[in-house]
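Here is a short report on one protein chain.

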Amino acid sequence: MKKVLIANRGEIAIRVMKTARKMGIKTVAIYSEADRNAPHVRFADEAIYIGEAPSNKSYLLGEKIIEEAKKLYVDGIHPGYGFLSENAHFAELCEKNGIIFIGPKSKSIKIMGDKLAAKDAVKHYNIPMVPGVDRAVTNPKEAADIAREIGFPILIKASAGGGGKGMRIVEQEKDVEEQMARAISEATSAFGNGSVFVEKYITSPRHIEIQVLADNYGNTIHLFERECSIQRRHQKVVEEAPSSILDSELRKKMGDAAIKVAKSCDYIGAGTVEFLVDKNLNFYFLEMNTRLQVEHPVTELISGIDLVEQQIKIARGEVISFKQEDLKIKGHALELRVYAEDPTNNFLPSVGNLNIYKIPTGKGIRVDNGFEEGMDIPIYYDPMLSKLITYGKTREEAIQLMIEAIDNYKIEGVKTTLPFGKFVCKHEAFRSGNFDTHFVKNYYTPEKLQAGLDEEAKIAALVALKIYFEDQKIVRVPLIN
């Protein structure tokens with residue numbers, strides 16, 4: 001594999017290019033009109049214009065991407081995450097055109113891309129699953145009957161897609177019909193598939209996922225867990241590895257279960273098996289993401305394994321060079337997704353120009369970044385600017401370093417999730433490890449965040465005033481009559 005096209009943009013495109021460059025592989029970037037001058041375009045060895053700004057006219061044009069890749073004699077395509085990364089048809093197109101898709105086979109993507117098909121695939125492996133039904137439900141009366149059987153609250157959930165779309169929590173029977181209609185409508189709009197199913201809603205869940213790697217020779221291993229319970233609108237904002245609630249026994253059980261899930265669909269490459277863990281530490285299979293995760297850096301830091309390098313090696317037919325017993329957890333890593341969103345206004349996207357954009361540096365700090373000072377934030381794509389990752393010997397050290405890194409991350413021109421990340425890191429529930437996916441609902445309000453920001457501004461003003469007086473060497477002189 002001598003040349004790889006990255007079918008993505010922003011920080012993940014640069015992230016993949018860095019490893020490819022390290023491996024002596026040339027890289028090709030694609031870009032839309034909105035990204036003509038973006039950093040990932042300049043970072044690549046070659047770059048090709050793919051279309052207009054909207055993603056359905058550029059980054060989602062699978063056939064055009066492959067057509068351009070063939071012109072440049074590309075050997076492999078890395079999809080990153082989002083866009084075409086879990087598109088089975090795109091993976092098939094790569095295979096048919098003699099281009100290596102750096103990811104799983106299209107068959108695995110199809111199975112795990114549909115939550116009902118995924119449940120069906122893993123049920124023969126004795127993997128714990130949330131009580132409910134593993135078939136599509138279209139009748140509100142049937143959904144109500146299921147709910148009475150398994151008990152409220154229930155979760156009505158889209159079979160296709162993710163990211164919290166097509167998902168509705170229902171507390172009472174009278175709300176089933178309305179919430180089901182909303183879930184079906186949203187799923188149809190987001191994924192073109194209105195199929196939904198019903199399962200028991202776990203009331204105080206932790207969101208724990210296991211990173212897996214599998215090669216073409218039957219070797220499948222896991223690289224421990226990531227905790228992803230700090231979320232807004234069912235989407236992750238803060239992730240860490242390892243989790244503060246898993247002991248070695250539970251870690252092994254969940255790791256073994258994740259390996260079975262991967263084997264159930266003949267998985268190849270890097271993937272993530274997601275679980276819910278209840279307050280009694282029972283775990284349940286949720287879904288499998290057949291791609292590189294946004295939060296993969298925390299796993300890389302605690303395992304010492306470059307996951308993109310492993311993806312490329314596996315894709316070109318190499319055997320995984322290490323065994324499960326070779327892997328050990330070292331230290332603790334934390335990741336904050338730095339979104340251009342206003343956490344004081346329900347995390348709504350914040351569009352504008354990055355008048356000031358300075359990333360923090362130093363030992364134990366990693367920033368996977370796709371922006372630079374002076375850039376506008378495009379309205380067409382996910383509003384994530386970067387991923388801020390910190391690593392320490394202990395969880396406490398990683399948290400403290402994250403607070404300091406946030407303070408040293410200078411952004412002006414748009415609102416970001418940096419203040420929210422600091423709020424999380426300083427909150428006792430997070431620091432103690434006693435939290436779940438309802439952290440935002442239970443502890444966070446815009447007023448609390450704003451009060452903290454106002455207090456910080458007041459302290460900063462007092463410090464500045466003190467420094468000014470010291471610099472001026474102002475002394476009081478007694479008045480002479």
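## A charged pair and its network

R366 forms a salt bridge with E300, and their closest N and O atoms are 3.0 Å apart. A salt bridge here is a side-chain nitrogen of Lys or Arg within 4 Å of a carboxyl oxygen of Asp or Glu. The pair links distant parts of the chain, 66 residues apart: R366 sits in strand β18 (residues 365-369), E300 in helix α10. Helices (H or I, at least four residues) and strands (E, at least two) are DSSP runs, numbered from the N terminus. E300 is buried because its relative accessible area is 7%. Buried means under 20% relative accessible area, exposed over 50%, and partly exposed in between (1.4 Å probe, protein chains only).

Salt bridges that share partners join E300 and R366 into one network with E11, R15, K22, D306, E309, K313, D368 and K387.

## About the model

This is a predicted model, in which local features need pLDDT of at least 70 and side-chain atom pairs count only at pLDDT 80 or more, while totals for chains, interfaces and linings use all residues. Residues are numbered from 1 along each chain as its sequence is written, and side-chain values use heavy atoms, with hydrogens and water left out.

How many salt bridges does a search of the whole structure find? The search finds 46. One of them pairs D306 with R15, with the closest N and O atoms 2.9 Å apart. D306 lies in the loop between α10 (296-303) and α11 (307-315), and R15 lies in helix α1 (residues 10-22), 291 residues apart. Both residues, D306 and R15, are buried.

E209 forms a salt bridge with K236, again with closest N and O atoms 2.9 Å apart. Here strand β9 (residues 206-214) holds E209 and strand β11 (residues 235-241) holds K236, 27 residues apart. E209 counts as buried because its relative accessibility is 0%. K236 is buried too, with a relative accessible area of 11%.

## The nonpolar cores

A nonpolar core is a set of buried Ala, Val, Leu, Ile, Met, Phe, Trp, Tyr and Cys residues joined through side-chain atoms within 4.5 Å. The largest has 64 residues, and L5 and I77 touch the most other members. Helix α12 (residues 395-407) gives the most to this core, with six residues. Apart from this core lies another, of 36 residues, among them A20, Y81, I102 and I268.

Which residues does I77 touch, not counting those up to four places away in sequence? They are L5, A7, I65, I66, A69, F90, C94, I99, I100, F101 and I102. Contact means heavy atoms within 4.5 Å.
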